[in-house]
Amino acid sequence: MKTYICGHRNPDTDSIASAYALADLRRRGGMENVEAICAGRLPPKAKWVFNHFGIDPVKSKRDVYVRVKDLIAPDVPMVDSSSRLVDALRELEQSGESSLPVRNGQGKFVGMLSPAKLLSLFIDKADLTIDVASAPLHACSQILSDTDKVHDIRSLCVRNPHNHFPVVDENGILIGTVLKSAFAELPPVQMILVDHNEIEQGIPGLEELPVVEVVDHHRIAFAPTKEPIRYTADIVGSTCTLVARMFRAAGERPTKETAGVLIAGIVADTLLFQSPTTTEVDKTMCSWLEKICGESAQYIMSEMLAVDSPLSSMDPKDALASDAKFYSESGKRFMLAQLEETKSALFHGYIGELTKAMEEAISKDKLDFVALMVTDPVRGDSELLFKGDAAVLRALPYRRGPHGTLLMPGVLSRKKQLLPEILSAIG
Ligand SMILES: [Mn+2]
């Protein structure tokens with residue numbers, strides 16, 4: 001069983017760092033085959049963190065759909081068409097399977113070797129020392145591609161009278177066999193969610209997999225589960241704070257590098273303790289981690305802030321999508337995006353293009369409205385661009401500024417400050 005630990009889509013530093021550190025903790029606890037992943041592209045800040053501490057970054061994955069290659073039966077042999085038929089039949093008998101896939105000299109799938117198809121040979125008392133290539137093979141009504149999503153081919157295979165499905169790669173090379181029984185088994189992958197618990201915000205494919213643990217500091221919108229799961233939630237400034245506390249509770253001391261990664265997550269989410277989401281627990285955990293890491297939170301924050309100004313490194317459309325979260329509430333579907341940008345003149349110059357990207361998002365994702373909160377963590381303020389539902393816009397408590405944006409003095413948190421205003425504007 002493979003376990004992925006993954007944060008939300010459009011991952012931020014907290015989401016990636018907490019996945020990395022929790023994987024470390026779970027491995028120490030004896031969990032096997034556990035891997036932290038990043039839902040999509042690794043953002044520049046997180047890339048800097050892994051680089052700075054000299055560790056391999058978590059792997060980016062576009063989705064966690066179970067693919068045909070994940071279901072390949074490990075012990076079903078493949079028959080070479082150049083082998084002697086008698087040897088191949090012996091192998092078939094020893095495998096206990098009803099048929100075996102056959103590949104030619106180039107490794108390509110050529111058919112299935114099955115006793116039923118060979119009956120004519122026995123009736124004719126043929127020489128069993130011939131090659132498999134000269135024997136009659138049965139064709140296969142369902143050849144699978146290794147990258148097929150299991151949910152796309154499951155019902156076809158379950159209805160198919162055969163019990164074996166050969167799997168080929170993009171070049172037609174035979175790489176194994178999937179048994180029909182595999183479709184009745186539980187998926188070979190399970191998930192641990194960090195920094196989110198709403199399936200809609202998670203990596204695509206998550207909806208088909210069992211979630212065995214959640215570590216999070218957001219509102220809870222997780223569906224009731226059939227089995228008990230481990231759920232760690234608290235009102236703190238970052239998920240990394242919770243993971244650090246879990247290390248302490250388990251009597252484990254993170255490595256210098258893991259401590260550094262956790263500090264990066266804490267300072268990124270709390271904006272170095274300036275955000276109103278900051279708690280004493282965040283500060284306590286961070287100073288414990290600083291002692292282990294040997295670097296200050298202040299230093300890590302300033303290095304991370306220097307890494308990127310999103311609007312100078314991305315086009316406005318990508319910048320809008322880089323930290324966008326989707327919500328469905330009271331019959332409205334909307335997106336709240338956030339950007340950290342210390343260059344306000346640069347932001348104001350891009351308002352036209354950002355607005356266009358927001359209009360596109362509304363029509364593409366069928367949204368009622370989109371809000372983009374541009375936060376300057378140095379000044380400690382945000383500005384809001386809003387597009388869509390005029391009634392919601394009118395109900396928001398913010399004053400309009402000289403550039404046509406809504407001014408949000410002292411507002412830094414999408415979750416704690418913007419989302420409640422949006423929810424009450426809808427309601
Ligand atoms: Mn977070």
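This is a predicted model: local features need pLDDT of at least 70, side-chain atom pairs count only at pLDDT 80 or more; totals for chains, interfaces and linings use all residues.
The protein chain contains 15 helices and 18 strands. Its C-alpha trace spans about 95 × 50 × 40 Å along the principal axes. Of the 427 residues in the chain, 39% are buried. Contacts between residues at least 6 apart in sequence were also examined. Among these, 64% join residues at least 24 apart.

The domain assignment divides the chain into three parts. Domain 1 is made of two segments, 2–66 and 188–307. Domain 2 covers 70–184, and domain 3 covers 310–426. The C-alpha centres of domain 1 and domain 3 lie 25 Å apart. Between these two domains, 12 residues of domain 1 are in contact with 14 residues of domain 3. On the domain 1 side, the touching residues comprise four nonpolar, six polar and two charged.

The largest nonpolar core holds 54 residues. Within this core, A19, L22, V243, L262 and I263 touch the most other members. The surroundings of L262 illustrate the packing. Residues up to four places away in sequence are set aside here; L262 then touches A17, A21, C240, V243, A244, P254 and L289.

After α8 comes G294, with a positive phi near 85°.

A36 belongs to strand β2, which covers residues 34–39. A36 is buried because 24 other C-beta atoms lie within 10 Å, and the cut-off for a buried residue is 20 or more. Beyond its neighbours within four places in sequence, A36 is in contact with I5, A19, Y20, A23 and V58. Among these contacts, A19 is also one of the residues that touch the most other members of the largest core. A36 and T241 are 205 residues apart in sequence, yet their C-alpha atoms are 17 Å apart in space.

Most residues other than glycine have a negative phi. N10 is not a glycine, but its phi is positive, about 45°. N10 lies in the loop between β1 (2–6) and α1 (13–28). N10 counts as partly exposed because it has 19 C-beta neighbours inside 10 Å, whereas a buried residue needs 20 or more. S330 is likewise a residue other than glycine, and its phi is positive, near 45°. S330 is found in the loop between β13 (324–329) and β14 (332–340). S330 counts as exposed because it has 7 C-beta neighbours inside 10 Å, and the cut-off for an exposed residue is 12 or fewer.

Note on methods:
Residues are numbered from 1 along each chain as its sequence is written. A nonpolar core is a set of buried Ala, Val, Leu, Ile, Met, Phe, Trp, Tyr and Cys residues joined through C-beta atoms within 7 Å. Two residues are in contact if their C-beta atoms, placed from the backbone, lie within 7 Å. Helices (H or I, at least four residues) and strands (E, at least two) are DSSP runs, numbered from the N terminus. Domain bounds come from an automatic or database domain assignment. Ala, Val, Leu, Ile, Met, Phe, Trp, Tyr, Cys and Pro count as nonpolar, Asp, Glu, Lys and Arg as charged, and the others, Gly among them, as polar.
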